[in-house]
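Dear colleague,

I am handing over the structure we talked about, with the sequence alongside.

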Amino acid sequence: DVDITLERGVLTIRGRMPDATHEGYREIYAEYGEGNYERVFTLSEDIDRESIKAKQKDGVLTVELPKAPAARSRKIQVKSA
């Protein structure tokens with residue numbers, strides 16, 4: 001359960017970690033416990049905010065933050081006079 005918002009240059013990821021108790025298994029280690037979580041990132045002007053994409057596969061959330069066209073490097077041609 002994940003919700004991603006972008007407001008005024010701030011990307012917020014919110015979610016809820018459900019209870020992961022499985023019958024017949026004993027938990028040895030868990031990085032996060034059951035409950036809500038939130039991560040907040042301030043984006044620079046170099047990010048193309050209209051092209052941000054997110055996907056989730058096999059429990060892994062991937063957020064793609066492409067550079068804005070103005071922030072990409074480009075080759076400048078030198079003309080001889």
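Predicted model: local features only at pLDDT ≥ 70, side-chain atom pairs only at ≥ 80, totals over all residues.

Residues are numbered from 1 along each chain as its sequence is written, and side-chain values use heavy atoms, with hydrogens and water left out.

The protein chain has five strands and zero helices, where strands (E, at least two residues) and helices (H or I, at least four) are DSSP runs numbered from the N terminus. The radius of gyration of the protein chain is 20 Å, whereas a compact globule of 81 residues would be near 12 Å; the radius is taken over C-alpha atoms, and the globule rule is 2.2 Å times the number of residues to the power 0.38. Along the principal axes, the C-alpha atoms fill a box of roughly 80 × 25 × 15 Å. Of the 81 residues, 14% count as buried, a term that means under 20% relative accessible area, with exposed meaning over 50% and partly exposed lying in between (1.4 Å probe, protein chains only).

Turning to the strands, β1 (residues 2-7) pairs with β2 in the antiparallel sense over six bridges, pairing being assigned if DSSP finds at least two bridges between two strands. Leucine 6 has leucine 11 as its bridge partner in β2, and in the hairpin of β1 and β2, with two residues between the strands, arginine 8 takes a positive phi near 55°. On the pairing of β2 with β3 (residues 35-42), eight bridges join the two strands, which run antiparallel, and the bridge partner of valine 10 in β3 is threonine 42.

Two residues of β2 were looked at individually. Threonine 12 is found in strand β2 and is buried, with a relative accessible area of 8%. Setting aside residues up to four places away in sequence, threonine 12 touches Asp3, Ile4, Thr5, Glu38, Arg39 and Val40, contact meaning heavy atoms within 4.5 Å. Arginine 16, also placed in strand β2 (residues 10-17), is partly exposed, with a relative accessible area of 37%. Leaving aside neighbours within four places in sequence, the contacts of arginine 16 are Asp1, Glu34, Gly35, Asn36 and Tyr37.
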